[in-house]
Amino acid sequence: SAIAKSLAIISQATSSGDMAHLASMAEDFATELVCGGNTREPILARDIIPDVLTLIDRAASGVCRGIPTGFVDLDEHIGGLFKGQLVIIAGRPGKGKTTLFMNMAEHIAMHGMAPVVVFSLEMSRDELLLNTVGRNANVPVINLRRGTIDKAMVDEIRETANAVATW
């Protein structure tokens, strides 16, 4: 399964110093996800046309074909996120790529639109979830990191963390 392969890659990332092998594994995994595990057999147009016609009917009815990102203007341009699509968010360091992605992931997970798996070579799982909890509890993450939160806010933060755990 995709989760088992993801966990295997994460396990190797934490135990192996062979970054070239790790990058190759991640690339193979991404290719398999995007291609649905079928990269060798051709597909005839007549086999796909019924699915395409369904997409056309949905588009004609004004239904967003993909999974909404939570960013209305972005969804108007790209139509949401689609199964089998590889989306790369690129930019200079410190420009908010991870925050943008996490906001999309949170929106999708919070509304139960699709399962969400997050891979980050930049942040630990604790950092990612601390940021998620902070954003959703309306608490500046820097206050959580510094330990400068009001004791009165702890209950609200815990409640938010428990809600995040149910997504």
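The legends below describe close-up views of a predicted model.

Local features need pLDDT of at least 70, side-chain atom pairs count only at pLDDT 80 or more, and totals for chains, interfaces and linings use all residues. Residues are numbered from 1 along each chain as its sequence is written, and side-chain values use heavy atoms, with hydrogens and water left out.

**View 1. The largest nonpolar core.** Six residues form this core: V133, A137, V139, L144, I157 and V164. A nonpolar core is a set of buried Ala, Val, Leu, Ile, Met, Phe, Trp, Tyr and Cys residues joined through side-chain atoms within 4.5 Å; buried means under 20% relative accessible area, exposed over 50%, and partly exposed in between (1.4 Å probe, protein chains only). Leaving aside residues up to four places away in sequence, I157 touches V133, A137, V139, L144 and I149 (contact: heavy atoms within 4.5 Å).

**View 2. Helices α6 and α8.** Helices are DSSP runs (H or I, at least four residues), numbered from the N terminus. The axes of α6 (residues 125–136) and α8 (residues 154–164) come within 9 Å and cross at roughly 115 degrees. Axes are lines fitted to C-alpha atoms over the stretch in contact, with angles from 0 to 180 degrees between N-to-C directions. L129, T132, V133 and N136 of α6 meet I157, T160, A161 and V164 of α8.

**View 3. Two sides of α8.** I157, T160 and V164 are the buried residues of α8. They lie on the same side of α8 because they cover an arc of only 60 degrees around the axis, taken from the directions from the helix axis to the C-beta atoms. These buried residues pack against α6 and α7 (141–146). On the other side of α8, D155, R158, E159 and N162 are exposed.
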